[in-house]
Amino acid sequence: MAYRANALICTCTNCISNGSLQIKDALQAEIGRRGLQDDVLVVPTGASGLCVRGPILLVQPDGIFYQRLRTEDIPYLVEEHLLKGRPVRSLMYVPPGEEVPIPELRDIPFFKDQRLVALRNRGMIDPEKIEEYIARDGYKALAKALTSMSPNEVITTIKEAGLRGRGGAGFPTGVKWELCRNSVGGPKYVICNADEGDPGAFMDRSIIEADPHSILEGMAIGAYAIEASKGYVYVRIEYPLAIERLEYAVSRAYEYGLLGEDIFGSGFNFDVEIFQGAGAFVCGEETSLIASIEGRPAEPRVRPPFPVQSGLWGNPTNINNVETWSNVPAIINWGAEWFSALGTETSKGTKVFSLAGNVHNAGLVEVPMGITLREIIYDIGGGIPYGKKLKAVQTGGPSGGFIPSHLLDMPVDYERLQEVGAIMGSGGMVVIDEDTCIVDIAKYFLEFTNDESCGKCTACREGSEVLLTLLNKISDGEAEDTDLTLLEELGEAVKEASMCGLGQTLPNPVLSTLRHFRDEYDAHIKYKRCPAAVCKGITSSPCQHTCPIDQDVPCYIGLIAQGKFDEAAEIVRRENPLPAICGRVCTAPCEGKCRSGAGGGDAISIRALKRFLADYARKNGLDPTPKPKERKPERVAIIGSGPAGLTCAYYLALEGYPVTIFESLPVAGGMLATGIPDYRLPKDILNYEIDLICKLGVEIRTNATVGEDVQLSDLREQYKAVFIATGAHKGLKLNIEGEDSPQVIDAVDFLRAVNLGGEVAIGEKVAVIGGGDAAVDAARVARRLGKDVKILYRRTRNEMPAAKEEIEELDREGIAIEFLVAPVKALSENGRLNGLECIRMELGDLDRTGRRRPVPIEGSEFTVEIDTLVPAIGQEPDVVPMVDGNGLKLSRWNTVEVDPETLYAGVEGIFAGGDVVSGPATVVDAMAHGKNASRMIHNYIQGLPVKRGYSVTRPAIDVEVVELTDEEIEGLQKPGMPLLPVQERLDTFEEVALGFSAEMAMAEAKRCVRCDKESAD
Amino acid sequence: MPKMKPGDLERIGERIKRTMLLREGESRAKVIVHMGTCGIAAGARGVMKAVMDEIEERDIDDVVVTISSCAGLCSREPMITVELQGEPAVKYVDLTPEKAKKILVEHALGGKIVTEYALAAGSERSI
């Protein structure tokens, strides 16, 4: 029968669990219905590797790759593609972050960059058809070995190929065979170790499911080489499909005489038996595996003697893993030289990895040794989903280690992995993003090995228990510094004193994370912080834990859900003196870690809810500020009235201190007043919150520049303590020719001038350079002034650091962004700017942050006609006149150097915080500095130790969870922010975001999953 | 079943070689039958069947037959396109089963373009 097309449907365990058998049936039925049964053959195959996209269908000879199929897609697919020859684009693979589908499998990066040796037949043959294996050179290598090679020639070929054990340890396979062959005694045995046990690893299962004969053929060749006539496949009972296919393959091979007696008339006999293990991790260790086959308890024994000397029933036994065996026929067929041409100096051939974790294209990949981790994760794996940052790559399962993101460019081979504290292992590769806690994942692996320890060696049995207890202490925030030393010492001891690989490697996840991520352990122990906001014992809820000013988010959201707005506003006020401001311009790191937003979901609109409360309080004349303590005599001076200064002043005033703020500008608020345009933060809102702080007795002296109008040394005499919080208001230079033209106005200067209401002399055609918030603000302000404005940015939209919602509004307001453009030279004529020479860029290699680096395209220079240039590429503090002669130290970025924990500036009585210390950062970071400074200044004045205390995050009060009705649950949806229509915005500075109504706020609050209520214990 | 000899592997493989070639998507020649509504209405199925039968009859194992949609020239259907490795594709128009067989033999197998039925050389580029 001649077919014109084959429809290859993946029937690996993963795809079957996604319904691929139903797809297969539907496909067959529809093909029959359309009368195409003689044209199109439906073939069930093993895994294609891109398991995460299953069920998967490949239509040959067209090469079209379909993914995520549903049975209801099948009639259309059959009609369009198989009947009418029109491939269905809507069912094709679309790379992450792109829109155009890739029709053909060979063009999809996931497949394109792989090199298949062990998996050479995957997706190409029906694993239950021995004829198809044979048609793809199956059993040819066995025939070649038996009829034209001596056993020694086979061993020499494998040795010369440089094949090393794929089970993890990487021992040279040919050498092992030779040792076994030279061992005295018999009968000898070969064993295939298919006891794949690493969590998340499925290389071996996939090879067996896709191509069972390749293993049988490899084993037969090995048996011939060492003169064995019996082989065992030790496979765990948890792999039913693999066992079924393997058993069937064995029976078919016997029928064809490819197993059994006198194979190919060569006189060589070989029998294979399948042994089903019960699924104990320790059985992956060869001496335990042998004990298990022998019917003894699966426990390891001391080596030597090694199994090649004394193995199964005391006879020489050669054990290799599934992937090793499946490589063997390919080497015999195509030669040692062909194989050793692949890979690195010490590691030849390819390696199969099961790529898992936080990566787009999770699945099974086979790559040449020596490929970089970056290629595997970004080119093949498609990178990290949801715009998260890569933290580490874990290889080798529970015996392996963690490789930090800065080592991504290292080539993958046995030696390099070992150097960085990881191992090749059997091929588990787990990608970990910023939302994964290193301590937590080390704990996960330890829990696994602790469970799986067979108990024979005390070091392994008890050591894993103690290691786990220590890790639990750390993740609960109850550990001390000395516990890290103990972890390390105990880890080394367990390695030394354990008999088998399980115990010898189980401390690796702990030791390698301590090596590369010690700061994360320190954060848990010293600062009671879990940077990924995962460890329940410390975090309570990720939003509260992540907030730099400890906003008790679940409490106020819970109260909103109950309609108790007054109480909610009071909870917000406890930790935040500027809620209406934060409710508008905070970068909301809380939302980035929100559980509702995990895995691509919609984070709760925490910022909008806070704004709702602040606006509610203001409209209803509510002032939830607590009553200040009794007035104290010690006066404090604060320099700068931005978010850091205001927050510090508020808390000092509540403590009873008389506070004076010195502000060099005519208005209070710092960057809040001069850097953020009115349409994002109206002045009346800003002034309302400043007024509330002034009501506590805080005095703000405007037009008072320290270093000019008053000297820092005078303040030190008149005030008990000084807090410097003058921000970072000096724009960075572009460093291009012609930049000193008067029509080049920095974004900060431009925004300040507009905000202060003065005359702003800019031209009609404006170009803003940059991709951050200042660039977007400057462009939208220029637009509101009626100017023709565009943004030039050297990278693409994906890399823009500005807030996403602000970029969206920029688009709506019709402001163009030219991407991949960098300025080269500002052009002037007769002293007036009249153009900007630019160069086009392209995205090159990824840099260390995982973003692709912009590289100029030679000869692509062009000129943009403009009369005003607004650089917005960053700011730095400008503090020299103020701090001069006062003993303060400045960093190379012109920031004031302080003790990062206490903000003490190293000069008696002087503290500093906010952007002047950190460089340009966020409003909430500055507020956190202000809050911390107020406590440190209080301690300093009261003669208490100036030392910061740290505690775990806990809600202030217990807020009950609102029970939702079924109807309410059904209707849960993130509300969009009501906005001022575009046509009404463009000639005013009216606020764009209008805020939630009470109904919207309550509905959104009810969507919160209240993860704070999950118990830590 | 009698004992296998090494040569038997070839024989077993040979039996399904054509299927495997199809599956590997590699072949010396590719015959594309345009099967849009227009093509089918004009008799493309008969054209395809003729080509398939001829392949079966001659036991040809390195020519792949596949279908595609309307080529845009509905008035000249049935149409086929023949692609030889490394040569520009050729489109044939106004076909009958007999003409199609001739094209298969002379062009796909023999490498010589059947100019009397050919429309033009070349194929459109898509994404």
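This report covers a helix pair and a strand sheet in chain A of a predicted model.

**The helix pair**

Two packed helices are described by the angle between their axes and the distance between the axes. Here the pair is H30 (residues 643-655) and H39 (residues 923-941), both of chain A. Their packing angle is about 35 degrees. Their axes lie 7 Å apart. The crossing of H30(A) and H39(A) is right-handed.

H30(A) brings Pro643(A), Ala644(A), Thr647(A), Cys648(A), Tyr651(A), Leu652(A) and Glu655(A) to the contact. Among the residues they meet in H39(A) are Val923(A), Met927(A), Gly930(A), Lys931(A), Ile937(A) and His938(A). By class, the contact of H30(A) with H39(A) holds 10 nonpolar, four polar and two charged residues.

**The sheet**

Strands of a sheet pair through backbone hydrogen bonds, either parallel or antiparallel. Chain A has an open sheet of four strands, in the order S7-S6-S5-S8, and the pairing is parallel. Strands S7 and S8 of chain A are the edges: each pairs on one side only. On average, neighbouring strands are turned by 20 degrees against each other, direction ignored.

| Strand (chain A) | Residues |
|---|---|
| S5 | 188-194 |
| S6 | 228-236 |
| S7 | 271-277 |
| S8 | 317-321 |

S5(A) and S8(A) pair in the parallel sense over five bridges. Which residue in S8(A) is the bridge partner of Val190(A)? That partner is Asn318(A).

A helix also packs on this sheet: H11 (residues 240-255) of chain A. H11 touches S6 and S7 of chain A. The direction of H11 makes about 165 degrees with that of S7(A).

How values were computed
Residues are numbered from 1 along each chain as its sequence is written. Chains are lettered from A and ligands numbered from 1 in the order in which they are written. This is a predicted model: local features need pLDDT of at least 70, side-chain atom pairs count only at pLDDT 80 or more; totals for chains, interfaces and linings use all residues. Side-chain values use heavy atoms; hydrogens and water are left out. Axes are lines fitted to C-alpha atoms, for helices over the stretch in contact, and angles run from 0 to 180 degrees between N-to-C directions. Helices (H or I, at least four residues) and strands (E, at least two) are DSSP runs, numbered from the N terminus. A crossing is left-handed if the near helix is turned anticlockwise from the far one by less than a right angle, and right-handed if clockwise. Contact means heavy atoms within 4.5 Å. Ala, Val, Leu, Ile, Met, Phe, Trp, Tyr, Cys and Pro count as nonpolar, Asp, Glu, Lys and Arg as charged, and the others, Gly among them, as polar. Two strands pair if DSSP finds at least two bridges between them.
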